[in-house]
Amino acid sequence: MKQFFSLIILCVMASSVWADSVVPTRTIRATATISETDVTLKSVQNPNAFTRVLDVVGQEARTTLYAGRPILFDDVGPPALVDRNQIVPLIYETSGLIIMTEGRSLQRGGIGDRIRIMNLDSRATLFGQVQEDGSVRVYN
């Protein structure tokens, strides 16, 4: 009897959990915005994949997404507001002091992304966070 229960426990532990994951219906190139017709649900085993189509629709592909493969959390993000080499307003604020200048983005980025930028006046490379209006807020 003890061997029987051990066998049942072993079989339950060996079985894997399959869940519906969001997968592309076609190859989606990096930087493309994902539409509802680009994705579907498929039974795939991957705990790091999206499980709701609406979480992916409207997002931008960060890498090339291949048809039938689950879309992982790091594969998509908000659409880029700032492109590489774009001139953007830089804002630095501390203790009531606000300094505004222009900089050149060294990376693409969407709202909330941390990107590298170069101050055009000092040529210093800084890090900042992309704001909703396309400006970049610089931090210490």
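Is Phe 73 buried, partly exposed or exposed? The structure is a predicted model, in which local features need pLDDT of at least 70 and side-chain atom pairs count only at pLDDT 80 or more, while totals for chains, interfaces and linings use all residues. Residues are numbered from 1 along each chain as its sequence is written, and side-chain values use heavy atoms, with hydrogens and water left out.

Phe 73 has a relative accessibility of 43% and therefore counts as partly exposed. Buried here means under 20% relative accessible area, exposed means over 50%, and partly exposed lies in between (1.4 Å probe, protein chains only). Phe 50, at 12% relative accessibility, counts as buried. A search of the whole structure finds one aromatic pair. The ring centres of Phe 50 and Phe 73 are 5.0 Å apart and the planes stand at 80 degrees, so the pair is edge-to-face. For such pairs, the rings of Phe, Tyr and Trp (its six-membered ring) must have centres within 6.5 Å; planes under 30 degrees apart count as stacked, over 60 as edge-to-face and the rest as tilted. Phe 50 lies in the loop between strands S2 (39-44) and S3 (60-61), and Phe 73 in the loop between S3 and strand S4 (76-77), so the pair ties together parts that are 23 residues apart in sequence. Strands (E, at least two residues) are DSSP runs, numbered from the N terminus.

Phe 50 also belongs to the largest nonpolar core, which has 11 residues, including Val 22, Val 39, Leu 65 and Ile 71. Apart from this core lies another, of eight residues, among them Val 82, Val 88, Val 130 and Val 136. A nonpolar core is a set of buried Ala, Val, Leu, Ile, Met, Phe, Trp, Tyr and Cys residues joined through side-chain atoms within 4.5 Å.

Val 136 is found in strand S11 (residues 136-138) and is buried, with a relative accessible area of 0%. Not counting residues up to four places away in sequence, Val 136 touches Val 88, Pro 89, Leu 90, Ile 91, Ile 115, Ile 117, Gly 128 and Gln 129, where contact means heavy atoms within 4.5 Å.

Strand S11 is part of a barrel closed by five strands in the order S6-S7-S9-S10-S11, with mixed pairing. Two strands pair if DSSP finds at least two bridges between them. Strands S6 (residues 87-94) and S7 (residues 97-105) pair in the antiparallel sense over eight bridges, and the bridge partner of Pro 89 in S7 is Glu 102.

Technical notes. Helix = DSSP H or I, 4+ residues; strand = E, 2+ residues; numbered from the N terminus.
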